[in-house]
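Look over the sequence and the model below before reading on.

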Amino acid sequence: MDEQRRLSYLARMGVHAWQPRTDEHDGAAASPLEMPPAVPPQAPPATLEPARPRPAPRAPEPPPVPMPPPCAPSSSEPAPFTERTVAPRAPAPEPPADDLFAPAASAAVPAVATMDWEQLARAVHGCRGCALHETRQHSVFGSGARNARLMLIGEAPGADEDRQGEPFVGRAGQLLTRMLAAIGLAREEVFIANVLKCRPPGNRDPHPEEMARCEGYLQRQIALIEPTLILSLGRISAQHLLNTDVSVGRLRGRWFEVGDARIPLRVTYHPAYLLRSPAQKAKSWEDLSAVARRLRETERK
Ligand code: SF4
């Protein structure tokens, strides 16, 4: 291969052979493969990164918060309702100066707690102790034997009772008469009263302050009768007499004792409720049977 062709191949391969200048001549030609000194690749310019901030030294950990001791049972939780336990009633509101329940101002107007039957009946019929006197037709004192061994206490007069001035008339009253007959008692043998002596408008529930105002009449009736047993009829009566908010369903089926005389008391459903829920009549029959049994037992003693 002649020299020109060889140099051409090398050139295409990117190898440029040194060629002696024609004007240079020192008598000895250089090797054609002698490469110019390779330029060392330049290192990329060093870039200066901004200095990373040093992590701040950790603040010392706060001391651990001591855990509170386990909670004691809250004193606001209601105490379990135990048999034969009747919580003390909250004091009644302060009566006005001319109130019948206040200590007697004169011999002509005795205090309710000292009234006899006639005085008590007159006081109830003329009572204006709460706003219910404005809407009543009749106050309903109660009816039955004044020496009854069994006293029945309901809630308040309804429309029929308000019209006639007698307790437990109408359909609920007729059912009560049949219930008593089933245990061998006539209405005339027992005394029937209500917590409230006047009808709440629209048959609404009695207000606590109304029951508190009327309380003295019922207590005086109980004191005068001195019954052997009390049968409480319905939720309002039971919760008022036992000073609790426990349901009738949980109160029935056991005996309680009420008042200073510790009179045994049984709870059952109100006859008006039984008219709406006849399936509960069997439970009411159990309650009445327990009352009848106890009356027989106390008779023998
Ligand atoms: S409900 Fe009782 S306190 Fe109220 S007016 Fe009638 S009898 Fe008096």
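**Briefing on the predicted model**

Leu150 touches Leu180, Leu185, Val190, Phe191, Leu229, Ile230, Leu231, Val291 and Leu295, leaving out residues up to four places away in sequence; contact means heavy atoms within 4.5 Å. This is a predicted model, in which local features need pLDDT of at least 70 and side-chain atom pairs count only at pLDDT 80 or more, while totals for chains, interfaces and linings use all residues. Residues are numbered from 1 along each chain as its sequence is written, and side-chain values use heavy atoms, with hydrogens and water left out.

**Chain**

- The chain has 9 helices and 6 strands, taken as DSSP runs (helices: H or I, at least four residues; strands: E, at least two) and numbered from the N terminus.
- Of the 301 residues in the chain, 38% are buried; buried means under 20% relative accessible area, exposed over 50%, and partly exposed in between, with a 1.4 Å probe and protein chains only.
- Among contacts between residues at least 6 apart in sequence, 71% join residues at least 24 apart.

**Nonpolar core**

- A nonpolar core is a set of buried Ala, Val, Leu, Ile, Met, Phe, Trp, Tyr and Cys residues joined through side-chain atoms within 4.5 Å.
- The largest such core holds 60 residues, and Leu150, Met151 and Leu152 touch the most other members.
- Helix H5 (residues 208-225) gives the largest share of this core, 6 residues.

**Pocket and cavity**

- Rolling a probe the size of a water molecule over the atoms shows where empty space is left.
- On a 1 Å grid over the protein atoms alone, a cavity is a set of points where a 1.4 Å probe fits but cannot get out, and a pocket is an open set with protein on both sides within 12 Å along at least five of seven lines; lining residues have an atom within 4 Å of a point.
- Grid points are joined across faces, edges and corners, and a volume is the space filled by probe spheres set on the points.
- The largest pocket has a volume of about 640 Å³.
- This pocket is lined by 27 residues, of which Glu155, Ala156, His270, Ala272 and Arg276 lie nearest its centre.
- Helices H3 (159-164), H4 (170-182), H6 (235-242) and H8 (271-276) are the elements that give two or more residues to the pocket lining.
- There is 1 cavity of 30 Å³ or more, and the largest cavity has a volume of about 120 Å³.
- The largest cavity is lined by 14 residues, of which Cys127, Cys130, Cys198, Cys214 and Tyr217 lie nearest its centre.
- H5 supplies the largest share of the cavity lining, 4 residues.

**Cysteines**

- A search of the whole structure finds 0 disulfides, a disulfide being a pair of cysteine sulfur atoms within 2.5 Å.
- Cys127 counts as buried because its relative accessible area is 13%.
- Cys198 is also buried, with a relative accessible area of 9%.

- Gln221 lies in helix H5 and is buried, with a relative accessible area of 0%.
- Leaving out residues up to four places away in sequence, Gln221 touches Trp117, Leu120, Phe141, Met151, Phe191, Ala193 and Lys197.
- Ile263 is in strand S6 (residues 263-268) and counts as buried at 8% relative accessibility.
- Ile263 and Ile222 are 41 residues apart in sequence and 9.6 Å apart in space, C-alpha to C-alpha.
- Beyond its neighbours within four places in sequence, Ile263 has contacts that include Ile222, Pro227, Thr228 and Phe256.
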